[in-house]
Amino acid sequence: GVPALFDINSTVSKMFAHFLLLLSLAAADAILAALPPPPPPRAARCPDIYTPGKFTEFALGKAMGVEVGQWFTEFGSAPRAMGLQFIGCLGEPDGQPSCNEANIDTCAERTGGQPNKYLKPCAPESFFCENSTQINPATQQLQEVLRFGTVDTAGEGNFPDSALANLYMCVNAENISVCADGYGELTDADKSPFTSGQVGCCSGPAQKCGVPGDRSLGELVCAALGYDESTLLTRGGEGAIFCPSGLPTPQRDPPPQPVFNDEPGYNLYVRMRRIAQSLTCTRTVLVTESPPPESPPPLSPPLSPPPPESPP
């Protein structure tokens, strides 16, 4: 048979179409590169992190608080290595408060020192989370506010019945379910001689750690939740008497009472001097306009000239 002729027109058309495709893809890439980055997800609000009446399994008990793990992995700007999953008030395995009027003398932890201080876990039902808006009086900007913590802030810690109420947190955990049993097989050394059936302070990942009254932690948590500023309500004691935070901090010289050394230069499980009882996060959402200046009063109309005098 006769060999098919080379169709140069068809080949050129295909090459030109391919060139146009590459050109359009390059143009699309350039357009996408020039676009601003997508806005971050909106800031966390209470319904995102807190369910009233819901218990979270934590440290072999039941707690009420905020579950913030996803904001430290998928959404937040905080380092994933922190592994913060939960902040709240820890109760007994049945969810009841560890300390009550009947057992407070034996439940409150006596820390020693001069003077003695008494500590207790905040009761699960004392936990709160609230959203609000406010006008910053200094800048006249509208701010969105997220606040959570315990309402049990009256105790000074001088007597068992006025024990300082402690929030606790689960850190260094891959997910919230790990917080339920961070102690594994319990020994007598793991159990607190106080606080009824609760375990002792953390000495490893996903255990019962204190919430430090540290501005840097407040800023880290608020930033991860999508807020600009943080304020902590903190309480202090005599010496390092509160549960460790489980978070890396530069080791001091001389170091406070070490419980567990994680790596050289850092100490994760050191008793703390201050704790936080609530955290307030704020962010600016709208700049309100100042009212326009008042207009000056209108000028009075000019006086009319006197009428001409009548001739005599």
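A residue counts as buried when its relative accessible area is under 20%. That cut-off comes in handy for the cysteines of this predicted model, where the count of disulfides comes to 7. Three of these links are looked at here.

Take the pair Cys202 and Cys209, which are joined by a disulfide with an S to S distance of 2.1 Å. Cys202 has a relative accessibility of 1%, so Cys202 is buried. Cys209 also comes out at 1%, so Cys209 is buried as well.

Next up is the disulfide between Cys46 and Cys129, with 2.2 Å from S to S. This pair ties together distant parts of the chain: Cys46 sits in helix α2 (residues 46-49), while Cys129 belongs to strand β6 (residues 127-135), and the two cysteines are 83 residues apart. Here the torsion about the S-S bond is about -90°, which means that the link of Cys46 and Cys129 is left-handed.

Finally, Cys170 pairs up with Cys179, and their sulfurs lie 2.1 Å from each other in the disulfide. The link of Cys170 and Cys179 is left-handed, with -90° about the S-S bond. Cys170 and Cys179 are buried.

Note on methods: Residues numbered from 1 in each chain as written. Predicted model: local features only at pLDDT ≥ 70, side-chain atom pairs only at ≥ 80, totals over all residues. Heavy atoms only, no water. Disulfide = S-S within 2.5 Å. Helix = DSSP H or I, 4+ residues; strand = E, 2+ residues; numbered from the N terminus. Buried < 20%, exposed > 50% of the residue type's maximum accessible area, 1.4 Å probe, protein only.
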